[in-house]
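Hi,

Here is the structure I promised to send over. Have a look at it first, and then read on for my notes.

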Amino acid sequence: MQSAQKLKVLFITSEIYPLCKTGGLGDVSASLPVALQNLQTDIKILLPGYPSVMQGVKYKRKISEFKELQHFPPTTLLAGKLALSKTESLSVLVIDCPGLYAREGGPYLDAGGYDWPDNALRFGLLSKIGAILSSDASPLKWQPDIAHCNDWQSGLTPAYLHFHSGAKAPTVITIHNLAFQGNFAPGTVIQLGLPASSFNVHGVEYYGNLSFLKAGIYYADHITTVSSNYAKEIQKEPLGFGMQGLLTTRSKQLTGIINGIDIEKWNPETDPHLAKNYSSKKLSNKSFNKAVLQQRMGLDVDDAIPLFGVISRLTYQKGTDLLIQIIPDFVKLPAQLVILGSTHVELEAQLMSLAKEYPQSIAVKIGFDEALSHLIEAGSDCFLMPSRFEPCGLNQMYSQRYGTPPIVHATGGLVDTVVNLTPDTLANGTASGFSFSPITTGNLFSTIQLVVETYRNTKTWQKLQKNAMAKDFSWQASAAAYQEIYRSLIA
Ligand code: ADP
Ligand code: GLC
């Protein structure tokens with residue numbers, strides 16, 4: 001395709017790996033644009049200028065100033081490059097607004113774990129700049145054909161564009177998690193420069209508040225979410241989280257597209273974070289990683305004991321509380337558990353105290369540790385993901401690629417990406433993990449028992465590992481599906 005015909009996409013996001021990541025959105029915001037770029041898309045990423053972004057984006061140059069942007073502090077737009085590997089980089093536009101972004105802490109929460117009190121302004125600005133750059137009010141020569149928003153943080157872009165009278169790009173919003181909605185007091189509508197008339201059920205209003213996500217879902221030209229199954233689930237109670245009615249009325253413009261993963265970064269044959277690389281042909285090297293992981297986490301080093309891994313936000317969504325309840329029975333199997341995660345202080349404390357009580361069997365690391373997360377994927381025998389709901393989930397895909405069959409609750413994207421072991425799926429070569437439903441501690445524990453039994457049967461276990469490792473979790477098909485939506489919108 002000639003470069004003149006390249007589709008131009010502005011990808012608006014509040015996270016990007018490796019500069020700022022609190023979960024899967026960070027991974028997807030790097031790996032999907034790279035995949036689109038490989039499909040000849042001209043893509044630029046719009047990001048808030050948090051300190052990590054200001055430091056990590058190279059060759060920055062000022063390309064515009066927004067001195068009199070009503071309702072927001074003075075803002076400069078910088079353009080630069082984000083190098084992702086020796087061969088891959090992304091063009092990035094950074095919103096430099098020290099008044100809103102130059103502070104230590106997370107993108108959404110302060111160091112104490114509380115929402116930043118000015119989050120409406122912080123992400124109102126991201127949405128606003130996204131809208132300006134996607135319209136004829138843009139100071140840039142580069143004008144996108146499509147504005148692609150992600151989650152509530154850029155949910156107001158379609159709303160601002162709706163009220164812009166000049167030329168503008170069509171919008172897509174991807175829902176990564178409907179549970180996070182960006183709801184703020186009604187007065188925020190005026191504070192963010194939206195017309196008072198937009199505070200309406202046919203607009204940005206949602207149960208008496210301004211909702212960034214509802215606004216995005218209401219005004220975007222197309223809505224996507226991160227798996228087909230989740231696209232169905234959110235049109236009903238309870239996973240519609242109050243937005244099922246609106247999503248149902250928009251179901252013709254709602255598409256589920258399963259996330260892919262970065263198969264270069266998550267590759268057991270080359271991963272630099274592993275103690276020893278391995279492939280499905282040389283699975284014996286995988287157990288070396290198990291021994292290193294057991295040793296590093298202070299567990300008994302014993303290949304015969306099945307080792308389960310968890311890498312997760314420690315929250316109600318992820319079912320951490322259910323896991324905690326079964327630990328006294330779990331250690332008697334015997335089995336070991338390594339947990340890496342953070343978020344909910346109370347759950348963190350409960351896990352730490354269990355690790356103290358069962359030091360040979362339970363190891364917990366609180367915090368965010370990218371390198372350790374790779375070693376856990378490789379060194380565990382089985383990955384545990386008892387999420388109450390899961391729009392897509394990435395770790396179950398990483399774990400299958402690493403020959404670490406997952407246990408999942410049959411929900412959302414976990415249904416679309418894990419094939420439960422049954423005599424049939426074993427015989428036809430599709431079994432790649434274990435899934436259970438409904439989500440109860442009893443079902444979780446009996447599935448763990450089944451894994452322990454299956455693990456002892458080396459032939460079946462290796463078959464499962466090899467099936468999982470052979471699956472294609474690349475972005476190829478999904479990036480093409482996004483491109484098809486973009487094209488349909490500009491046709
Ligand atoms: P979610 O976005 O809901 O948290 P996903 O499974 O989509 O769930 O993505 C989570 C991502 O964040 C994965 O890449 C996972 O490895 C990573 N992750 C989560 N917690 C940690 C942690 N404590 N340390 C390192 N990586 C983590
Ligand atoms: C969200 C979801 C997760 C999904 C990720 C990336 O954080 O909770 O299931 O994989 O976004 O789309």
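Predicted model: local features only at pLDDT ≥ 70, side-chain atom pairs only at ≥ 80, totals over all residues.

Residues are numbered from 1 along each chain as its sequence is written, chains are lettered from A and ligands numbered from 1 in the order in which they are written, and side-chain values use heavy atoms, with hydrogens and water left out.

Ligand 1 is surrounded by 19 residues (each with a heavy atom within 4 Å of it), and the closest are Gly24, Asp27, Arg313, Lys318 and Gly367. A backbone N or O atom of Gly367 is also 2.7 Å from a nitrogen atom of the ligand. Oxygen atoms of ligand 1 lie 3.0 Å from a side-chain N or O atom of Lys21 and 2.9 Å from a backbone N or O atom of Leu394.

Now the helices, which are DSSP runs of H or I with at least four residues, numbered from the N terminus. Helix α11 (residues 320–330) packs on helix α12 (residues 345–357) at about 25°, with the axes 11 Å apart. That makes the two roughly parallel (angles under 35 degrees). In this pair, Thr320, Asp321, Ile324 and Ile327 of α11 meet Leu347, Gln350, Leu351 and Leu354 of α12, where contact means heavy atoms within 4.5 Å.

The axes of α17 (residues 441–456) and α18 (residues 458–469) come within 5 Å and cross at roughly 105°. These helices are therefore roughly perpendicular (65 to 115 degrees).

Best wishes

Terms used
Axes fitted to C-alpha atoms, helices over the stretch in contact; angles between N-to-C directions. Parallel < 35°, antiparallel > 145°, perpendicular 65-115°, else oblique. Polar contact = N/O pair within 3.5 Å; in protein donor to acceptor, adjacent residues only side chain to side chain.
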